[in-house]
Structures are given as C-alpha cells and as structure tokens.
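Me: Could you take a close look at one part of this structure for me, the place where the two chains meet? I'd like to know what holds a place there and which parts take part.

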Amino acid sequence: MTSNDRVTYNLCQGWGCHEHCLVETHVKDGKIDRVQKCLFPGKRPGNDICMKGILSAKIPYAEDRILYPLKRVGERGEGKFERISWDQALEEITAKITESAEKHGPRSIVLNQFWCGYPGDWKSTHNDLIYRFAFSYDASIVEYQAVDYGLTFGTAAVNGLFTVNSRRLPDDVGKEIIIWGGNPLGFTRPAASTHFLLDAQERGVKLVHISNLFDVTSARADQWVPIKSGTDGALALGMTNVVIEENLYDADFLLEKTSAAYLVNTSTGAYARAAELFEEGSPNDFVAADKDGNIGIVPHPMGQPFAGYGDLEPDLLAEVEVNGITYKSSMLLLREFCQAWTPERQEAVTGVPAETCAQVAREYIANSPAIIYLYYGLRYPNAVQSNRAILTLALLAGNVGRKGGTIMLAGQGEQTTMYGMDQNVIRFPREFRGMSERVTIESMLESFEDPEKQQYKVWLNCMGNPLLNWPNKDLWRRRILPNLDLFVSWEIRMTDTARYADYVLPETTTFERYETVCDTDNCVMYCEPAIEPLGEAKSTAWIFSEIAKRIGIGSEFELSAEEWQRVRIDEGMKGKNAIVFDAEQNPIGSEPITFDALKEKKVMRVDIPPTIPEDGLSMDMHTTTTGRFEFYSELLNGVGHPFGDLEPIDILDEEKRAEYPLQFYVGRHKYFMQGQFTNIAENHLLAERQFGVALNPIEAAKRGMVDGELVDVVNSRGTMRVPLQLRDDIPVGMAHTWYSFDEKHYPNTCCPQDLMHAENTPERETSVMRAYYPLYAYTNIEVLGTPQVMTHVAGPYTPEGLWDQLCDVRKIKTEGEEA
Amino acid sequence: MANTILVNMNRCTGCWTCSMACKGAHHLDVDEFWQYVRTIGGGEIDQPGGKWPNLYMKWMPVWKQKCAKCAGDDSTGFIPYSYCVYNCPAGALTYGDASDPTSEVSLRKQELLDKGFRVYEIPEWEETRKGVLYAENSI
C-alpha cells in the first residue's frame with residue numbers, strides 16, 4: 001500500500017439520521033475509492049451502513065462544494081460571491097466581531113450550535129470548541145430550536161425525566177412491537193436499527209405500524225393501522241378504555257411501579273398528602289386505601305426507592321370520603337376519564353375502526369412483554385398529550401422498564417457511552433470569561449425592537465442549515481437578517497443558509513478531519529483524514545484558532561484538530577477501560593483506553609458498568625411528584641390536563657379547513673438525509689420524480705387535475721408552484737411534499753418552508769407546553785450537562801408544530817381568469 | 001465456489017444500498033447500473049399498489065448480466081459479492097455455493113423453505129444474471 005492508499009474510519013457525513021454509523025473509507029491515489037460498512041469489536045457489532053453512507057464518498061467532490069472563502073457581492077440571498085483569501089476573510093470577520101463586542105458587548109456575538117445533522121453531534125470536537133469559544137469570549141449560543149419536545153415532555157410527564165434508549169431493545173422483546181407514528185424501518189433509521197426490527201419479526205415478533213401515511217415501515221409491518229393525522233391521543237384513549245373495561249391491565253405492575261393506587265383529593269386535584277389525613281403525617285408522604293376503606297400512609301422518603309405500602313393492601317380503584325372530601329385513586333380517576341372514550345367514539349375521530357382499536361389493544365396485552373416504539377413521529381402542538389396517552393397505555397400493560405417490554409424512545413445511542421467521555425476537558429477554557437448566554441430566537445427578535453435590551457448583531461453559523469431545515473424562512477428574510485451586521489456560515493456546500501451569508505468559510509468534510517467520538521454501540525472511535533482537505537478547506541479547530549488569536553483569546557485555541565483528540569482521550573477518558581476481544585470476538589479481558597491505544601485500534605468498546613439500565617426506564621425512582629411512574633399529573637391537572645388526551649389543533653379544526661382543506665405535510669425524503677445528499681446525482685436520480693406535491697387520486701379528481709400537471713399549493717403565507725404527483729399512499733385530506741430540496745428547485749416561487757408557519761400565538765400554543773418550563777429546565781442539566789431554558793418551546797419559532805399546517809392545491813389561473 | 005445470491009424478499013426495504021455499493025465500487029456513471037432495485041407495487045420507485053387503505057409494496061433487487069461477481073478483497077475477508085451482499089443493512093442477502101448443502105446460502109434457503117417461503121428465480125427471458133434466488137412469504 002503506497003502512502004496515497006489507505007483505509008480510515010470516518011463518521012458518516014449523514015449522521016443526522018441518528019444511526020451514528022462509522023464508515024470504512026478506502027483511498028486509492030489520494031482519492032476516496034469507496035466507502036463500506038465498518039465492523040466493530042465484539043459479537044453482533046450492530047453497526048451498519050445505508051445507501052447514503054455509501055454515497056457519502058462523493059460528498060467531498062460534489063459540484064457545489066465550497067473550496068475557498070467567499071465574500072458576498074450583491075444582496076443577501078442572491079448567491080453572488082467572490083473568492084477571497086483566508087487572511088482577508090479572517091481580518092474582515094474578526095474586525096466586525098471586535099466592533100460588535102465593543103459596541104454591544106461580547107454577547108452580541110451569537111453562535112449556532114444546532115448539532116443534529118453534524119457528524120458526532122453534541123459529542124463532536126466541533127461542538128465542544130463552540131462552547132470553548134463562547135466561554136472564552138462570553139459570546140452567546142443560540143438556544144436549540146424546539147424540536148422533539150412532544151416526546152421529550154410527554155415522557156417527562158410520566159417518567160420525570162426524558163431519556164434516550166438503545167436501538168438494541170428489540171433483541172429482548174416478547175411478542176410484539178408497535179411502531180407508533182414514526183417510520184424507522186428502512187426509512188428514517190435505515191442502517192442498524194432496521195435489522196434489529198427485522199430480526200425480531202423473523203423470530204416471530206408481530207410488527208404493528210400505526211401511522212397517517214403508508215411507507216416502508218407500513219409495507220413491512222404485519223399489521224398497518226392507518227390513522228388520521230394528529231389524532232393519536234384519541235386512539236390511545238380508546239385502547240386504554242378497552243384495557244380498563246376488560247380488566248386487562250397489570251395490577252401488580254401498577255401497584256409496584258406507579259402512583260395508580262395513590263389517592264387524589266378531588267377538591268384540590270392534588271395527590272393526597274399524609275399530613276392532611278394523618279395527625280403525624282408528613283407533607284412529603286402520600287396516601288392509599290384498601291378495599292374496606294381504610295387509609296394508610298405511602299411513604300416517600302426523599303431520594304430513596306419506593307418503600308412499599310406498609311401493612312395496607314391497596315385497592316387500585318379506591319374511593320373514600322374523609323372530612324367531607326372525596327378521595328379517589330388516580331386509577332379510578334383514569335377509568336372515569338376514559339369511560340367516554342369508547343372504541344366507537346375514537347373511531348369517529350381517528351378513522352380507526354372500533355373493532356381494530358379493540359383488537360390492537362387486546363393483542364398488545366396478550367403479546368406482552370411488548371414494545372411501543374415512538375420515534376418523534378408526532379410533531380403537532382398536541383403531541384405532548386398524545387405521547388402521554390400512549391405511555392399511559394404502556395403503563396397499564398406493565399410494558400415500561402421491563403426486560404422485553406418497554407417504550408423505545410428514539411432508540412438512539414447507548415446509555416453508557418453518553419457519559420463515557422468527559423467533554424468538559426475541552427469545553428471549559430483556562431480563562432473562563434463567562435458562562436455565555438443561551439439566547440432564544442424570541443429574545444433576538446425582541447432585541448431588534450428594543451435598543452435597551454442586549455443586542456445580537458453577529459451570527460456565526462457554525463452548525464446547521466436553518467434557512468432550509470427550520471420553518472418560517474420568511475422570518476429570516478424579514479426580521480432576522482436585516483438586523484444582523486454580520487452573518488457567517490461554515491459550510492461544505494452552498495446551502496440555502498450559505499446563500500444568505502456575508503462570508504462563507506470552507507470547512508472540512510468528515511473525510512478530511514480528525515475526530516474522536518464516544519458513541520455507537522458503546523464504542524469510542526478514532527477518525528483520521530482519509531484525504532487531504534480539498535481546496536482551502538480547513539478544520540473547525542483551525543478556523544476557531546485563527547479567529548480566536550485575532551480577538552484576544554488565541555491562547556485557548558493553540559492546539560490543532562489532531563492534538564485536541566489526544567486531550568479528549570487521555571484526559572477526557574482517563575480511568576476508563578475497554579473490553580479486549582479474542583479473534584472470535586469473545587471478551588477476554590480489559591485494558592486502559594489511551595490515545596495511543598485507540599489510534600492503533602481505531603475502535604474500542606468501552607467497559608463501563610451501566611449506571612442507567614439500557615432502556616433508561618427501569619430505575620426505582622422518578623423525578624415526578626410522587627417519585628413513581630405517573631399517568632395522573634397534579635401539576636398538569638392545574639392547566640386542565642390531568643391525563644394524556646386529545647387536544648385540538650389546526651388540522652382538526654373544521655372552520656380552519658373550510659378555506660384550506662388539506663393538511664400540508666412536509667416530509668423528509670428516503671434518499672436524502674434532511675437537506676443533505678441533495679447534491680449527489682445518484683440520490684437525485686432516485687428522488688427526482690417525487691419532487692413537487694402529491695395528492696391522493698381522489699383529491700386530484702375533485703380538482704380536475706392530472707398526474708404531472710403544474711399546480712399551486714396555497715395558504716395564507718404564500719403560493720408554491722410545483723408539479724403534481726398522484727399517489728395512493730397519501731390519504732384524502734393531505735397535500736404531501738418533501739422539504740429536502742433546496743431553494744434552487746423553486747425558482748420564482750415559494751418553497752415549503754415559506755408556507756410553513758411556526759409562529760406560536762396564544763391561540764395556537766398549548767397550555768401544557770407552557771406548564772413544563774419551570775419544572776423541566778433542570779432535566780437538561782442532568783441529561784446533557786448544560787443548562788437549557790425551555791421557554792423557546794412556545795416561542796415564535798417552534799418546529800414542533802411542523803405538521804399542523806393547512807393549505808389547498810389549486811389549478812393555475814391563466815391570464816384573464818377570475819380569482 | 002459461491003455462485004448464488006439468495007434474496008429474502010421479506011427483509012428487503014428497497015434502500016438501494018446494494019445498488020449504490022456496486023455503483024460506487026466499480027465507479028459507474030450516474031445513469032449506469034449493474035444492479036438495481038425494482039419496487040413491486042405501483043410501478044414506480046416507492047409507489048405502493050392498491051388504493052388507500054388497502055396498499056402493499058415490496059422490493060426486488062435485480063442483478064443484470066453485467067454483475068461482476070466480485071471476489072472481494074482483504075477488507076471484506078474476501079467475501080464474494082462484497083459490495084452488494086456485504087453492505088446490505090437489512091440482512092436480506094445471502095451468498096454461497098448452491099450446490100453445497102452445507103453452504104450458507106443452502107442452509108438459509110432450507111430454513112426459509114421450512115418456514116413456508118416460496119423460492120423462485122426471475123425467468124431467463126428477462127436476461128438478468130443467473131444464480132439469483134428469491135425467497136418470499138405471503139407479502
């Protein structure tokens with residue numbers, strides 16, 4: 001092998017799917033020859049690859065690759081740039097940074113750290129250097145956009161804490177997996193996760209798919225249950241009704257693991273505290289009752305696991321009256337609440353036949369231990385409540401936190417290695433100037449109107465492609481960009497975001513960089529450049545270093561990208577060990593993880609005893625009010641939502657649908673990865689026929705439209721003129737499009753992002769979302785190690801309502817036709 | 001010697017990894033395919049057959065006669081068909097010597113037959129590569 005031939009391991013450039021594949025890159029004559037799947041140490045390595053990973057070999061060589069620093073000539077958005085030198089780019093950018101810092105303080109510099117699509121995500125070196133920069137300079141970091149919060153908060157309500165858990169959980173499942181809402185099989189999770197689901201199916205596990213669209217997961221499932229968009233809470237309630245009325249629930253589990261038997265004071269809506277019913281009772285303890293109406297204290301020692309019911313044999317459906325106040329168990333209240341949600345009533349809302357609702361509910365119980373796989377498929381303002389209702393059903397079945405029977409939340413990452421590397425070793429500089437501010441888009445918009453507030457004038461787009469991936473592009477054009485003095489984007493290609501930048505800086509692709517990440521399959525991985533950086537592309541370590549030394553914080557950025565990796569491993573993983581395997585991949589011992597060892601082995605499997613069970617849900621304590629799993633929440637009862645339920649949203653509003661009768665559904669394409677891979681010709685070849693808007697043939701016929709016709713997709717925000725495709729997998733009542741295609745595909749017309757509104761108003765915003773802020777801000781400190789505010793969830797820029805959009809599709813009016 | 005690829009039609013998700021792995025490794029032009037994936041359903045890529053809600057869709061990877069019957073290299077342990085078969089994330093592909101009853105492909109074929117699968121080949125007049133078996137069970 002010559003020095004121009006090599007094999008390296010690199011994180012897949014399409015990391016945003018969350019399969020987190022490591023790819024094996026083969027280089028010949030200094031050029032990437034091919035990419036193939038990578039094997040990990042140990043049996044059942046679990047790592048795989050998909051067609052995007054294979055085609056990622058072409059990303060460094062794409063036609064629209066940014067190879068040189070660019071400076072805007074012309075207006076923002078025109079996409080007109082001139083090539084400049086790095087020296088010029090750095091001088092001009094840092095001059096503007098310094099100017100802004102002098103005028104408005106260093107917090108006027110804002111960094112975008114939205115890591116979702118970035119290789120290595122929040123575990124990457126780049127992510128850590130963003131923190132280092134912000135802490136060294138006291139710059140601001142943009143608060144994460146409110147994505148995924150329907151599931152996050154829904155789980156937190158029931159469990160007290162959001163958690164991710166392992167995609168390997170299907171290996172232990174009993175007899176059924178219900179995939180609810182998402183489309184992971186062969187689509188959004190096309191690599192490792194897919195084979196775990198197929199393996200389970202091949203072993204005889206029944207796969208059920210509940211969804212509003214027919215796609216790969218539906219096609220492969222044993223049973224597909226079509227459901228109307230946004231009505232999932234109703235189906236869950238209907239299924240819960242069946243489980244309760246037919247006595248199918250797991251009483252032992254409910255007593256042992258949940259607050260089902262705990263009495264609720266029906267006057268106040270709060271869980272009864274021992275202090276109100278027992279003379280010596282503590283305000284921290286709770287109360288249950290037995291079948292004879294005797295009440296007893298249920299101790300809740302702070303920070304301790306559940307201590308049992310004492311001598312009391314609690315009645316799950318207890319009701320007692322004390323001092324003129326009626327107390328009911330939360331299970332009894334749930335039963336009363338669900339009585340109205342018969343399978344027939346839910347059918348009228350969801351379109352799921354009553355018989356099917358009952359059948360799915362009964363089988364889910366009979367096939368336990370069973371898994372419900374929720375993968376962020378519900379992106380509606382009512383998703384918190386829908387997810388709560390689904391989780392309530394799982395609790396009744398005893399299918400939470402049990403081996404083989406649990407909830408798969410996202411199925412991404414492994415528990416242990418999320419805590420394997422101490423990334424603070426490079427996040428925190430030696431001279432810590434400030435904790436930096438996490439600034440929401442909302443705050444930025446307010447500051448533009450109010451000069452008394454902290455101003456935000458420089459946006460360094462280190463990560464993400466907000467002008468494509470975040471709805472409400474118009475907000476950028478009208479309000480954000482006009483108020484920024486400087487907008488810089490780090491890029492590997494000319495994205496929609498780059499098109500609006502003042503300067504575009506060429507960054508290295510995953511194939512041109514050093515990286516160490518502790519993640520996939522409990523492994524720590526060493527990545528090195530497969531090829532020399534093309535053109536004048538530079539690592540982010542270099543870019544930060546060059547900026548830093550020109551603004552007075554250079555001493556914090558003296559290391560090269562390669563040198564940072566030694567720090568991450570030798571300091572960040574100090575004291576950690578890796579499992580040693582023999583040639584047959586049997587574990588035979590353990591060895592310390594050092595940078596030199598990792599550099600040689602490339603991948604090492606971390607040997608950490610799990611501090612959190614693999615499903616993240618089977619611990620004994622929960623940070624809920626009662627310290628147990630809860631389906632009744634006294635906090636949310638305060639805003640009228642004691643249980644999961646169905647909240648009204650725009651697409652379920654008949655009045656709103658009068659003018660715009662179709663749900664505007666914007667999806668992510670199978671052959672693209674969010675907005676990436678759209679510049680790879682092979683991906684385009686497969687996807688191009690699907691560009692445009694799709695309608696069910698019945699909706700097209702109603703409008704006198706034919707397949708391939710150019711049509712207008714309209715709503716109050718604009719008009720998108722695109723070709724029509726007839727598709728039978730799109731239900732009546734929906735106009736379907738893909739959001740991945742960039743602006744160039746929409747010459748002289750709106751793109752999907754223009755038609756999508758994310759602005760929350762007091763009318764749209766749900767009270768449930770607001771109730772969580774003070775309670776759950778701290779959970780992110782615990783989970784991610786950084787403070788994070790929650791107020792952005794209901795701000796004017798919330799992707800979480802992504803699919804709660806309406807439109808119509810109309811024939812194009814020719815000249816002279818009446819409107 | 002390994003001469004047969006067995007496709008488990010119940011596992012294929014139409015992801016095109018096999019096709020693109022072949023294309024990438026052999027440096028084919030953008031519109032040149034030695035292997036591709038047929039959607040069985042609505043006649044176009046990823047279009048289902050039937051009318052809502054009675055829909056179905058499945059995928060069939062097809063090897064043209066141009067298939068190079070790659071012998072693999074040391075990076076894949078010299079596994080034949082080491083671009084398509086090796087990289088399939090769904091575990092839908094098996095290869096081996098069909099005339100050897102102890103080979104992986106023969107064992108897998110028997111396993112699927114025992115589960116009630118049908119096993120068939122694409123008819124010769126379609127001029128696809130010989131030696132590809134398809135196994136499927138009531139999709």
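Reply: Across the interface of chain B and chain A, the rule finds 7 salt bridges, and keep in mind that this is a predicted model. One salt bridge to look up joins A:Arg689 and B:Glu44, whose closest N and O atoms sit 2.5 Å apart. Polar contacts turn up here too: 24 residue pairs across the interface of chain B and chain A, both partners at pLDDT 80 or more.

So where on chain B do the touching residues come from? Several elements of chain B each supply at least two residues of the side that touches chain A: the helices α1 (17–25), α2 (84–87) and α3 (104–114), along with the strands β3 (49–51), β4 (54–56) and β5 (58–63). Of the chain B side touching chain A, α1(B) gives the most, with 6 residues.

Now zoom out to the whole contact. On one side there are 46 residues of chain B, and they're in contact with 48 residues of chain A. Between them, the two chains bury about 3,600 Å², and 55% of that is on carbon and sulfur atoms.

Technical notes: Residues are numbered from 1 along each chain as its sequence is written. Chains are lettered from A and ligands numbered from 1 in the order in which they are written. This is a predicted model: local features need pLDDT of at least 70, side-chain atom pairs count only at pLDDT 80 or more; totals for chains, interfaces and linings use all residues. Side-chain values use heavy atoms; hydrogens and water are left out. Contact means heavy atoms within 4.5 Å. Buried area is the accessible area (1.4 Å probe) that two parts lose on being put together, summed over both. A salt bridge is a side-chain nitrogen of Lys or Arg within 4 Å of a carboxyl oxygen of Asp or Glu. A polar contact is a pair of N or O atoms within 3.5 Å; within protein, one must be able to donate a hydrogen and the other to accept it, and residues adjacent in sequence count only if both atoms are side-chain atoms. Helices (H or I, at least four residues) and strands (E, at least two) are DSSP runs, numbered from the N terminus.
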